[in-house]
Amino acid sequence: MSTRLASMPSAAMASTLSTLCALGAIALWALLATLGVALAHVPPFLLTGLALLIGSVPAWPRWREWRVPTSTLALGVYGLFGFHFLLFIALRHAPPVEANLVNYLWPLLIVVMAPLFLPGMRLRAVHVLAAAAGFAGAALAIVGGRALSGTWSWGYLPALGSAFIWASYSLLTKRVAAFPTAAIGLFGVVSGALSLACHTLLEPSVALSGRDWLLVAVMGLGPLGAAFFLWDVALKRGDPRRIGVLSYLTPLASTVLLVLATGRGLTAWIVGAAALIIGAAVVGMRARG
């Protein structure tokens, strides 16, 4: 009994740290859409490659911690490069709003697939309902009352694939042998190099201005850098089901920042999305077991 009581504060601290790190990653990812609009003229693979390489720089001084098994490196590249590669393919071959909506199934997939990837973890109805409400809120935030195309596009398949990759990567980091968070820097270096290779093969070359480089650096050090390190800590120390529900704050915060940056007013759709997502996050965070 005394041992159990002694472990409770550390468990609570780990859960709090996990939540704070997840919120930090979400806050950084919320900047991605606004930065993406400002850099819309930069080919996506070039942008991603440069940002991932820049994002890995803070981990360079700890390069000795990059010595991880080949399978762990493969998992990291699968997550960081595979997610972006399929998402860009989807955005090229499907309506962007619908493709983005399909891609944001990844938090729901984290919740639903957690028991499949992590032994001993149960899936409760409250988690599923909270995740479904979060997805409904994300749909409102992303679509915002616009009419969807209503037509099938094969581009939805890579969008779904990218969602599955990020969800499965997030869960599998808890299954592989423990590795230092600094190793995310290695994942970024390899994934960035692969993205630049795709740029060379698939995209036209462009010249970047000083302003472009500054914004690319911000993107790299934030949404495509620090966010991945924070996400890794959050998943290692917390319940992925709760983190998955909490992740639906990303499209909401992203939409709000984009609205503020473009000078448009908040709409009833965004208010409704906020109510659904925040409500889902509260329920998901309070769920036990």
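**Phe-164**

The cut-offs I used are under 20% for buried, over 50% for exposed and in between for partly exposed, with a 1.4 Å probe and protein chains only. This is a predicted model, where local features need pLDDT of at least 70 and side-chain atom pairs pLDDT 80 or more, while totals for chains, interfaces and linings use all residues. Residues are numbered from 1 along each chain as its sequence is written, and side-chain values use heavy atoms, without hydrogens and water.

Phe-164 is found in helix α8. I took helices as DSSP runs of H or I with at least four residues and strands as runs of E with at least two, numbered from the N terminus. What does Phe-164 contact, leaving aside neighbours within four places in sequence? I found Tyr-78, Leu-109 and Met-113. Contact here means heavy atoms within 4.5 Å. I also checked Pro-107, which is 57 residues from Phe-164 along the chain. Their C-alpha atoms are separated by 9.5 Å.

**Whole chain**

I counted 13 helices and 0 strands. Of the 289 residues, 48% are buried. Among contacts with a separation of 6 or more, 90% join residues 24 or more positions apart. The accessible surface, from the Shrake-Rupley method with a 1.4 Å probe and only the protein chains shown as cover for residues, comes to about 13300 Å². Carbon and sulfur atoms hold 72% of that surface.

**Helix α5**

I went through residues 96-103 next. Glu-98, Ala-99, Leu-101 and Asn-103 are buried in α5. Which helices do the buried residues of α5 pack against? They pack against α4 (70-93), α6 (106-117), α7 (125-143) and α8 (156-172).

**Aromatic rings**

I found 15 aromatic pairs in the structure. Rings of Phe, Tyr and Trp (its six-membered ring) pair if their centres lie within 6.5 Å; planes under 30 degrees apart are stacked, over 60 edge-to-face and the rest tilted. Why is the pair of Phe-83 and Trp-166 tilted? Their planes stand at 55°, so the pair is tilted, with the ring centres 5.6 Å apart. This pair links distant parts of the chain, from Phe-83 in helix α4 to Trp-166 in helix α8, 83 residues apart. Phe-83 and Trp-166 are buried.

Trp-166 also pairs with Tyr-169. That pair is tilted too, at 5.0 Å centre to centre and 35° between the planes. Trp-166 and Tyr-169 are about one helical turn apart, because they lie 3 residues apart in helix α8. Tyr-169 is buried, as is Trp-166.

I then looked for a cluster. Trp-29, Phe-83, Tyr-104, Trp-106, Trp-166, Tyr-169, Phe-228 and Trp-231 form one aromatic cluster.

I checked Phe-179 for a charge over its ring. The charged end of Lys-236 sits there, 3.8 Å from the ring centre. The rule asks for NZ of Lys or CZ of Arg within 6 Å of the ring centre and within 35 degrees of the ring normal.

**Cavity and pocket**

I used a 1 Å grid over the protein atoms alone: a cavity is a set of points where a 1.4 Å probe fits but cannot get out, and a pocket is an open set with protein on both sides within 12 Å along at least five of seven lines; lining residues have an atom within 4 Å of a point. Points are joined across faces, edges and corners, and volume is the space filled by probe spheres set on them.

The count is 1 cavity of 30 Å³ or more. The largest cavity has a volume of about 50 Å³. Its lining includes Leu-52, Leu-80, Ile-184 and Phe-228. Helix α10 gives the largest share of that lining, 4 residues.

The largest pocket has a volume of about 1500 Å³. I found 46 residues lining the pocket, with Leu-32, Ala-33, Leu-91, Asn-100 and Ser-254 nearest its centre.

**Two loop residues**

Ser-247 lies in the loop between α11 (240-246) and α12. Buried or exposed? Ser-247 is buried, because its relative accessible area is 0%. Beyond four places in sequence, Ser-247 touches Ile-26, Trp-106, Pro-107 and Trp-231.

Leu-118 lies in the loop between α6 and α7. Leu-118 is buried, with a relative accessible area of 6%. Not counting residues up to four places away, Leu-118 touches Leu-171, Lys-174, Arg-175 and Pro-240. The C-alpha atoms of Leu-118 and Arg-175 are separated by 7.0 Å.
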